[in-house]
Amino acid sequence: MTIRNDQSVAPHDADADKLPGIRHIIAVASGKGGVGKSTVSVNLALALQMRGARVGLVDADILGPSIPGMLGIPAGKPPDVTGEGKAIPIERHGIATISMAMITGDDTPAVLRGPMVSKYLKMFIDATQWGELDYLLLDLPPGTGDTQLTLAQSFPLSGAVIVTTPQDVSLKIARRGLRMFERVHVPILGIIENMSGFTCAHCGEITDVFRRGGGERMSQELAVPYLGAIPLDADIVTGGDEGCPIVVAKPDSIAARAYTSVAAQLAGQLDKTPATALKPFVWQWETNEGAPEWAENASRAGGIRTRPIGLRRHDLRTLAVLWEDGHRDLFDVRDLRLNCRCALCIEEMSGRKLLDPLKVRADVRPRTVSSIGNYAIGIDWSDGHNSGLYSFDHLRSLGERIASVAAEDV
Ligand code: ADP
């Protein structure tokens, strides 16, 4: 349950017009192409659905879409649009999906520059009529570049799943992807090892083609969950090529059961992760409109120190932050302004302060405070400054610094 900010009777719920009704957004990622990430996304979506969940799938690989082919959806047939201008996802095998291939067709490679890719991606997620979903899976393009960061920063992802093959080189790349998500505070829900051993179609015996167990080793090494292995199986390829994924075509096969088991592990991980990530907000400081949550009862011993579960206006000059471990901080808003770490306020290389405190007015205050992904807030200040990000790590350590200075002053 969420306790709303007692000072706010906010007529406008910031998350309500963003992603209503989606319980978990999950990114499926890999460090490089060809490891079977899209195949995993499709079969995982179907396996989650077979557990009774409502599932949507975004083909976030704007430049190399492959999901429609795997689900048997014809390319080049743009989705219908609602009266409010939202795209209606196309449903196949019970999975609602949207992809660039529906717009451009198979033969027209989308030649788009970075900002356009981000724009399409955001549209696919928040300008699509998804309805009520338990899971929205995002099949990311391979790599650890802009698209991945755009997503991590724009939407409240519940977490990311990393697909890898057993070979060392692939694992090294997957590790890089994993670090990128950690940097922007997207939890890693687990690692899936794909093409792990070859299943004989006749006797069911599994032969290791590549070295086996790399995914499991990596998850141990990096202390993230291991969700399971999918065998190398020719029927997986046929299912993908023919638009009828193996989980639907041969639900009793060893490979289909492997996907089912991974889906169960993933659902378990999500149930364990309390959904305490703050929903996106754009908060008008003066009127308190759009104020974020204050989820007092989501705090727990052992909670994450740098994960806020509530932000509120203590008074017009003070921002209160409640952290998942139950700790609270009160920040004088001018102190926050003085501690801005953007390139205009701090010299990047030397760390030397460029901001002259005497030039910051005593009555400086936020105009708006907005969430930035899962890991920071951005503040638009009354003095026109708005380039600084306050990461939750930074805020928490700032709180500690202020507390220790206050203790010395006593
Ligand atoms: P990615 O999205 O990582 O680029 P794809 O999902 O497109 O990879 O898969 C690449 C190729 O590997 C496809 O031909 C697909 O059918 C095949 N493939 C994926 N997973 C398996 C598997 N477990 N066994 C055999 N072939 C697989």
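**Figure 1. Contacts and composition of the whole chain.** Among contacts in the protein between residues at least 6 apart in sequence, 69% link residues that are at least 24 apart. The model shown here and in the following views is predicted. Its fold comprises twelve helices and 16 strands. Of the 410 residues in the protein, 42% are buried.

**Figure 2. The open sheet of β11, β12 and β13.** Three strands are arranged in the order β11-β12-β13, and their pairing is antiparallel. The edge positions belong to β11 (308-315) and β13, each of which pairs on one side only. On average, neighbouring strands of this sheet are turned by 20° against each other, direction ignored. Strands of a sheet pair through backbone hydrogen bonds, either parallel or antiparallel. Between β11 and β12, which run antiparallel, there are six bridges. Arginine 313 stands opposite leucine 319 in β12.

**Figure 3. The hairpin of β12 and β13.** Strand β12 (residues 318-323) and strand β13 (residues 328-332) run antiparallel and are joined by five bridges. Four residues lie between the two strands of the hairpin, and glycine 326 takes a positive phi near 95°.

**Figure 4. The open sheet of β10, β14, β15 and β16.** This four-stranded sheet has the order β10-β14-β15-β16 with antiparallel pairing. Because β10 (282-284) and β16 (389-391) stand at the edges with a single partner strand each, one side of each is left without a neighbour in the sheet. From one strand to the next, the twist averages 20°. Three bridges connect strand β15 (residues 376-381) with β16, and these two strands run antiparallel. The bridge partner of glycine 378 is leucine 389 in β16.

**Figure 5. The residues around the ligand.** The shell around the ligand consists of 18 residues, of which Gly36, Lys37, Ser38, Thr39 and Val237 come nearest. Several elements contribute to this shell: α1 (37-50), β7 (188-199), β9 (226-232) and α8 (234-241) each supply at least two residues. Sorted by class, the shell has seven nonpolar residues, nine polar residues and two charged residues.

Figure 6. Helix α10 (residues 254-272) contains 19 residues. From its first C-alpha to its last, α10 reaches 27 Å, close to the 27 Å expected at 1.5 Å a residue. An α-helix has 3.6 residues a turn, so residues three or four places apart point the same way. The buried residues of α10 are Ala255, Ala256, Ala258, Tyr259, Thr260, Val262, Ala263, Leu266 and Gln269.

**Figure 7. Glutamate 400 in helix α12.** Glutamate 400 is located in helix α12 (residues 392-409). This residue counts as partly exposed because it has 13 C-beta neighbours inside 10 Å, whereas a buried residue would need 20 or more. Glutamate 400 and aspartate 329 are 71 residues apart in sequence, and their C-alpha atoms are 8.5 Å apart in space.

Technical notes:
Residues numbered from 1 in each chain as written. Predicted model: local features only at pLDDT ≥ 70, side-chain atom pairs only at ≥ 80, totals over all residues. Pairing = 2+ DSSP bridges. Buried ≥ 20, exposed ≤ 12 C-beta atoms within 10 Å, placed from the backbone. Contact = placed C-beta atoms within 7 Å. Axes fitted to C-alpha atoms, helices over the stretch in contact; angles between N-to-C directions. Near = placed C-beta within 6 Å. Nonpolar A, V, L, I, M, F, W, Y, C, P; charged D, E, K, R; others polar. Expected span 1.5 Å × (residues − 1).
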